[in-house]
Amino acid sequence: MDVVSDAISAVRIGRPSSDRVRASGSWCTRLAPYDGAGFHIVLEGSCWLLPDGGAPVALGVGDAVLLPHGAGHVLADSAVDAEAVARALPFEDWSGDGYPTVAGSDEAQGQLHVLCGKYRLDHSRVHPLMAELPQVVHLPHRVGRHPELRAAIDLLGVELGDRRPGAGIAVPSLLDLLLVYMIRAWMSESTAGAWSAALGDPVVAAALRALHADPAAPWSNDRLATEAGVSRPTLARRFTALVGRPPMAYLTWWRLTRAAHLLRDTTDPLAAIAARIGYGTPYAFSHAFTREFGTTPGRYREGHQGDRAPEPA
């Protein structure tokens, strides 16, 4: 896979969830911090997002917002004060038929229709590309910008509204696609991120593509430099400056991160996992894994048995 796909796959556990929410009048609701990532997409109306410790964000029709680190936040009909935030109704207390609904005191203030969702993520082994994401990724709706993101939002709205046959597979798949498109949209608009720079550097990007395409290969600095089309010192200098660690150190880290993902999400024996990530024997793999994670592969797998995604209904 490519770097972005791998970065997402490494931390994704379980299955995503989503709800459509309607609100009207004057209202304010709190969403507690979450061990994953949350998102909101405004389908109708407008509202405000007030992240804990952050600046308020005005959201309009078509806006998407991703909270990649699961920050607690408040949604409200307006940029409310601290007293109103303290009285915010917990999101879980919203109720209604079809999808959660909250009615305020003044219907004249208009209707809100928002798509809310969550992704379960393992933040203990987050890829630096994911760690680089800000607390709030706001993607305002602009005509002609990110058409694939808009298409995914439209499809998801249809699936959640009609619950057609096959929705049990379609909705989680569209939610996964939505996460990719939101991160891709942020990367296309971000100029300050180290990983945006790394993936934009032709030498470093070529080296990363090679390592992620075949992490089990017998890589060396010389072989990787040849793959990237530069000298070994040039690769080491540019790779370390942009990625934050030398090529072989990154490869070791990525191999073991990939192993943790396979231990969580598959029932493959240790020998098969060792071979897939480039270790000659299960013993060598187990030794490296224990040194990195502080526990054996077997115990790590036992501790994450509940994280494997269930089969669609």
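**The whole protein**

Of the 313 residues in the protein, 47% are buried, meaning under 20% relative accessible area with a 1.4 Å probe and protein chains only (over 50% is exposed, partly exposed in between). Before you click further: this is a predicted model, where local features need pLDDT of at least 70, side-chain atom pairs count only at pLDDT 80 or more, and totals for chains, interfaces and linings use all residues. Residues are numbered from 1 along each chain as its sequence is written, and side-chain values use heavy atoms, with hydrogens and water left out.

Show the C-alpha trace: it spans about 70 × 40 × 40 Å along its principal axes. Switch to cartoon and you get 13 helices and eleven strands, taken as DSSP runs numbered from the N terminus (helices H or I, at least four residues; strands E, at least two).

Next, select the open sheet of five strands, in the order β5-β4-β7-β2-β8 with mixed pairing. β5 (57-59) and β8 (89-90) are the edge strands, each with a single partner, so one side of each has no neighbour in the sheet. Pairing here takes at least two bridges found by DSSP between two strands.

Zoom in on residues 47-51, strand β4, which pairs with β5 in the antiparallel sense over three bridges. Which residue in β5 is the bridge partner of C47? Pick L59 to see that partner.
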